[in-house]
Amino acid sequence: DAWLACARTRAIHARARLAASASTDEPAVCLEDSVATLLAFSYVALLGVEALAGFRLADADRDAFLHLWRYVGRLIGVPDDANPCASLGLAKTTLESLVMHLWDPDANSARLARAVLGTAAGADDDDA
């Protein structure tokens, strides 16, 4: 089931890329966007779980959780050399760098967001 969910997510991303790139030669979903999304579901979620629980998880549990998301990153097309889920330190550093870089989104980011939202809405219709 998890593999199927990853494959389905990759298909949605492909549809969004096609929809967003129809009007331009620029790639719709760049590696930076994929890495930022991966971090949102991995490192940021881990921090949220710890905040809600009120304590820090054991290092082995944190590493295992991040390792799972490293594998998910591979399934959704993030190359190993660009996958920030290799370690907690790399995930934290990459997230901080991305936040500073992406603080002010450009027109390409807005175009991507519209395409993803439109594609996701269409995917829901396909499931009915």
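Start with Arg-74 and Asp-80, whose side chains meet in a salt bridge, 2.5 Å from N to O. The model is predicted. How exposed is Arg-74? Its relative accessible area is 48%, which makes Arg-74 partly exposed. Asp-80 also counts as partly exposed, at 34% relative accessibility.

Side chains of opposite charge can pair when their charged atoms come close. How many salt bridges does a search of the whole structure find? The count is four. The Arg-74 and Asp-80 pair is one of them.

Now move to Glu-50 and Arg-62. Their side chains form a salt bridge at 2.7 Å, N to O. This pair links distant parts of the chain. Glu-50 sits in helix α3, residues 43–53. Arg-62 sits in helix α4, residues 59–75. Are Glu-50 and Arg-62 buried or exposed? Both are buried. Each therefore has under 20% relative accessible area.

Next, look at helix α5, which spans residues 88–102. Glu-96 and Lys-92 both lie in this helix. They are four residues apart, about one turn of the helix. Their side chains meet in a salt bridge of 2.6 Å, N to O. Glu-96 is partly exposed, with 42% relative accessibility. Lys-92 is partly exposed too, at a relative accessible area of 39%.

Glu-96 and Lys-92 pair within helix α5.

Methods
Residues numbered from 1 in each chain as written. Predicted model: local features only at pLDDT ≥ 70, side-chain atom pairs only at ≥ 80, totals over all residues. Heavy atoms only, no water. Helix = DSSP H or I, 4+ residues; strand = E, 2+ residues; numbered from the N terminus. Buried < 20%, exposed > 50% of the residue type's maximum accessible area, 1.4 Å probe, protein only.
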